[in-house]
Amino acid sequence: MHRLLRSALFLAFAFAVHASAEARVCIGGDLDHLSLPQKMDCLRSAIMVRGGIARFHAPEDWRYFVICTESDWKTYVAFSKRSARELETMGADTDLVGRTTFFRGEWLRNANTHSPVAEKIIAREVASAVLQSVDEVAISKQVERWIPKPDQNALVLKASR
């Protein structure tokens, strides 16, 4: 009975993540072999992605997937259009033609939920989708508009003597 309740709770969270008005966010991987805490961590990452795509006004017809574990990311890499070497050092992969972005869930979780690193990973991929481009200069400029560097908008006060 307890297991049934945990499964129902998980499905309720999964539906909440899946049914986004902004864009479609799903979790992916070998979910059958994940523990409940692992599934919940992955769902939290998906909720973080959903918040980011809403904040950065992602295209509504775009799909986002959070690949839950590193072994699932390795499986994704095997089927990706990019080289395995390139994806080794990336936290996400965007397919402009397929209008789909795949996030490396482990990187989002390790960056922490409220980390500027996780926010920048999401912002970078949304910028690529919004601009329909892989031009790193244009993408970086867009990300800087959304997430200014701390010193860009700092007010400098000088003490009087």
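Student: How exposed is Gln132?
Tutor: In this predicted model, Gln132 is partly exposed, with a relative accessible area of 40%.

Student: Where does Gln132 lie?
Tutor: Gln132 sits in the loop between helix H6 (116-131) and helix H7 (136-146). Its phi is positive, about 55°, although Gln132 is not a glycine. Most residues other than glycine have a negative phi.

Student: What about Arg99, what is its phi?
Tutor: Arg99 has a positive phi of about 50° and is not a glycine either. Arg99 is in the loop between strand E3 (92-95) and strand E4 (100-104), and it is partly exposed at 26% relative accessible area.

Student: How do E3 and E4 run, and how many bridges join them?
Tutor: They run antiparallel, joined by four bridges. E3 and E4 make a hairpin with four residues between them, and Arg99 is in the turn. Ala92 stands opposite Phe103 in E4.

Student: Switching to aromatics. How many pairs are there?
Tutor: The structure has five aromatic pairs. One of them is Phe65 with Phe102, stacked at 5.4 Å centre to centre with 15° between the planes. This pair links distant parts of the chain, with Phe65 in strand E2 (residues 63-67) and Phe102 in strand E4, 37 residues apart.

Student: Phe65 and Phe102, buried or partly exposed?
Tutor: Phe102 is buried at 17%, because the limit for buried is under 20%. Phe65, at 24% relative accessibility, is partly exposed.

Student: Why is the Trp73 and Tyr76 pair called tilted?
Tutor: Their ring planes are at 40°, so the pair counts as tilted, with the centres 5.2 Å apart. Both residues are buried. Trp73 and Tyr76 are three residues apart in helix H3 (residues 70-79), about one helical turn.

How values were computed. Residues are numbered from 1 along each chain as its sequence is written. This is a predicted model: local features need pLDDT of at least 70, side-chain atom pairs count only at pLDDT 80 or more; totals for chains, interfaces and linings use all residues. Side-chain values use heavy atoms; hydrogens and water are left out. Helices (H or I, at least four residues) and strands (E, at least two) are DSSP runs, numbered from the N terminus. Buried means under 20% relative accessible area, exposed over 50%, partly exposed in between (1.4 Å probe, protein chains only). Two strands pair if DSSP finds at least two bridges between them. Rings of Phe, Tyr and Trp (its six-membered ring) pair if their centres lie within 6.5 Å; planes under 30 degrees apart count as stacked, over 60 as edge-to-face and the rest as tilted.
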